[in-house]
Amino acid sequence: MTPTPTPIAEIQPAQAEHSNRLINEKSPYLLQHAHNPVDWYPWGEEAFAKARKENKPIFLSIGYSTCHWCHVMEREEFEVPEVAAIMNKYFVNIKVDREERPDVDRVYMTFVQATTGGGGWPMSVWLTPELKPFVGGTYFPPDDRYGQPGFTKVLQRIADAWEKDHAKIIESGNQIIAALAKSNSSTAAGDATQPNEKTLSAAYDQLARNFDKVNGGFGGAPKFPRPVTLDFLFHYSQRAGTESETGKNALAMNLFTLRQMAKGGMHDQLGGGFHRYAVDALWHVPHFEKMLYDQAQLAQSYLAAFQVTRDDAFATVARDTLDYVARDMTSPEGGFYSAEDADSLPNEKSKEKLEGAFYVWTKDEIDEQLGTAAAGLFNYRYGVEPHGNTPEGSDPHGELRGQNVLFAAHTIAEVAKHSQLSEAEVRESLGGSAAKLLAARGKRPRPHLDDKIITAWNGLMISAYARAAQVLGEESYLAAATKAAEFVRQKLYRAADHTLLRSYRGGPADIPGFADDYAFYIQGLLDLYEASFEVKWLALAEQLQATQDRLFWDEKEGGYFTSTGKDASILLRLKEDNDNAEPAPSSVAALNLFRLAQIRDAKGMRERGEKTIAAFSGALGHFPTALPQLLVALDFSLAKPRQIIIAGKADGADTRALLAEVNRHFLPDTILLLADGAGGQKYLGEKLEEVREMKPVEGKAAAYVCENFTCKAPVTSPEELKKLLVR
């Protein structure tokens with residue numbers, strides 16, 4: 001029997017110099033905690049067996065390496081020997097990187113959200129030795145504050161309750177898991193109403209009601225970018241018609257939001273790319289971490305905006321985002337790293353990291369770097385103030401006191417008028433100033449880089465670079481997409497059974513891929529085919545889709561489980577039913593299936609896509625904006641299947657001219673194929689008889705624009721093609 005908890009002072013503190021079992025892990029997050037005095041275990045049977053043998057509850061802590069509040073909790077609790085002594089005496093302590101093990105995270109996040117009404121990281125959950133949760137939360141302060149009890153008090157209470165009546169707690173854990181399983185089964189199942197055009201309209205209406213007309217985005221502070229919502233609205237504006245009131249408004253909401261985000265401090269005005277979110281409604285003060293999945297999805301949003309408007313400002317933001325990833329988040333082998341931290345040391349002599357220290361400036365620092373005249377222009381443009389520019393309430397810990405977050409406070413035209421210079425002179429001065437400050441910033445201590453390479457997130461980034469290669473005509477972007485796709489294929493793909501692994505860091509981690517790894521990488525391969533027309537990517541996508549169906553498909557209800565169900569430690573086999581910062585695997589998979597169904601003339605794939613949408617009909621009927629990426633798939637399924645096939649040599653100037661015209665336009669619900677007269681056309685012709693016969697016309701590359709492979713007469717000039725593309 002576990003003894004009654006004793007006061008902190010009576011527990012022998014753990015030794016400060018200590019390496020625990022996390023020292024042998026690959027995850028940067030787990031390695032960050034490898035020298036805590038807490039006797040951490042990784043998720044696995046060794047920890048579970050210890051809990052069963054010693055009849056101790058498990059303390060499960062889930063986070064990720066660039067999580068600000070994870071760092072705070074580590075400093076306040078996990079690095080404190082007296083706190084670690086309590087944890088080690090009464091609990092078996094397990095650390096999980098949510099990015100490595102989204103299946104573990106999903107189960108216990110479902111519990112925390114159901115029992116507390118919220119969630120987030122760090123996530124703190126107490127489990128029975130059979131892994132069933134009975135108490136959960138997120139960040140716990142060291143003492144009572146923020147309306148929360150102190151962490152040591154919580155530890156003492158739980159240890160005491162376990163000692164007094166652990167049988168009752170075990171029964172409670174059994175009931176909780178049973179209730180969550182029942183709830184998941186009922187919410188995942190669809191209802192009798194198949195989602196249709198009215199579902200799309202209902203989602204648009206919800207977004208329109210929630211739109212922030214003053215600042216852009218949806219809802220108030222904090223402001224999160226949600227690219228899946230922007231993607232849906234771009235599709236909906238085309239469906240409704242760009243001349244209709246709803247079509248115009250859907251597009252206007254997107255364009256205004258993207259412009260406001262680009263102006264704000266959430267957009268790194270010097271180095272490019274986007275921070276995770278803004279703590280205020282103005283997009284001004286960010287939470288400074290940078291995530292790969294945000295860069296990937298937002299780059300595509302800006303590319304779509306450029307296609308729709310031909311406004312170079314959108315293309316510029318897409319470029320600076322992609323160039324940031326190429327510069328700071330790409331491995332020498334071509335894979336993309338996961339994230340950069342929010343916290344960093346203010347200077348080389350500092351011992352304590354501060355949020356945003358790498359990115360913010362005092363006015364004196366800028367004046368010293370640029371000189372009076374150039375600094376005057378720069379400070380006016382970017383809202384720099386003598387005593388800092390962060391609004392009251394946006395810096396609760398005082399870490400940004402006296403600092404400036406750069407944001408586009410004034411337009412180039414306003415700066416020119418204010419300074420009585422030409423706009424060209426202003427641009428030249430600002431460009432030179434930005435380069436100087438970026439170089440100066442580069443000498444500061446950099447934020448921690450999570451150099452873990454995640455298959456799913458690489459899939460998203462491959463899509464972004466492939467789309468950019470099409471829209472912007474940049475060969476370097478196609479090279480980046482191709483190199484990353486090859487990296488995943490060579491390092492994280494097992495050809496013997498056509499399966500993927502989850503992540504790579506100094507070698508592949510021994511963690512099988514999850515549904516999002518398959519769905520996102522397949523999407524990246526399909527996008528890479530449309531940018532490169534190398535059919536090996538199509539073949540691999542088709543192969544991996546078969547594996548995803550085999551491992552994750554729900555034969556009874558439709559849709560995709562996030563995990564395979566083969567790991568006995570995962571108590572609930574769940575489906576993700578929200579498109580959040582990352583889209584849900586089923587949402588991306590549904591669209592992949594519709595695209596592959598057209599490319600391979602596969603009726604079964606289309607039916608599986610339709611069944612995937614139907615699996616979430618209950619959620620879509622109740623709150624359609626929870627799944628905007630699934631609505632994109634729904635929109636595709638409701639549209640007339642449209643194909644554009646270019647017949648010509650891939651490297652021919654006439655072929656490239658036709659492709660350039662196609663890529664000028666935002667063409668949702670369309671697939672693009674190349675009939676090259678060689679291996680690519682042969683592969684496509686295996687399933688599509690129509691494509692076998694498509695040839696250049698009178699020696700010139702020809703474009704065939706088709707609906708369900710009923711094609712209009714081929715055209716050979718970009719001007720003729722444009723008339724067919726613009727509906």
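Q: Where do I start with helix α8 (residues 227-240) and helix α23 (residues 628-638): how are two packed helices like these described?

A: Two packed helices are described by the angle between their axes and the distance between those axes. Here the axes of α8 and α23 come within 8 Å and cross at roughly 25°. That makes α8 roughly parallel to α23 (angles under 35 degrees count as roughly parallel, over 145 as roughly antiparallel, 65 to 115 as roughly perpendicular and the rest as oblique). Axes are lines fitted to C-alpha atoms, for helices over the stretch in contact, with angles from 0 to 180 degrees between N-to-C directions. Helices are DSSP runs of H or I with at least four residues, strands are E runs of at least two, and both are numbered from the N terminus.

One thing to keep in mind: this is a predicted model, where local features need pLDDT of at least 70 and side-chain atom pairs count only at pLDDT 80 or more, while totals for chains, interfaces and linings use all residues. Residues are numbered from 1 along each chain as its sequence is written, and side-chain values use heavy atoms, leaving out hydrogens and water.

Q: Which residues of α8 and α23 make the contact?

A: Contact means heavy atoms within 4.5 Å. From α8 come V228, T229, D231, F232, H235 and R239, and from α23 come P628, Q629, L631, V632, D635 and L638. They divide into six nonpolar, three polar and three charged (Ala, Val, Leu, Ile, Met, Phe, Trp, Tyr, Cys and Pro count as nonpolar, Asp, Glu, Lys and Arg as charged, and the others, Gly among them, as polar).

Q: And how do α7 and α8 cross?

A: The axes of helix α7 (residues 197-210) and α8 come within 11 Å and cross at roughly 120°. That makes α7 oblique to α8. On the α7 side, the contact is made by E197, L200, S201, A203, Y204 and L207; α8 brings T229, F232, L233, Y236 and R239.

Q: What about the largest nonpolar core: how many residues has it?

A: In soluble globular proteins, nonpolar side chains tend to be buried together. A nonpolar core is a set of buried Ala, Val, Leu, Ile, Met, Phe, Trp, Tyr and Cys residues joined through side-chain atoms within 4.5 Å. Here the largest one has 173 residues, and W126, F151 and Y521 have the most contacts inside it. Helix α16 (residues 455-472) gives the most to this core, with 12 residues.

Q: Is A678 buried or partly exposed?

A: Buried means under 20% relative accessible area, exposed over 50%, partly exposed in between (1.4 Å probe, protein chains only). At 41% relative accessibility, A678 counts as partly exposed. You'll find A678 in the loop between β18 (670-675) and α25 (679-685).
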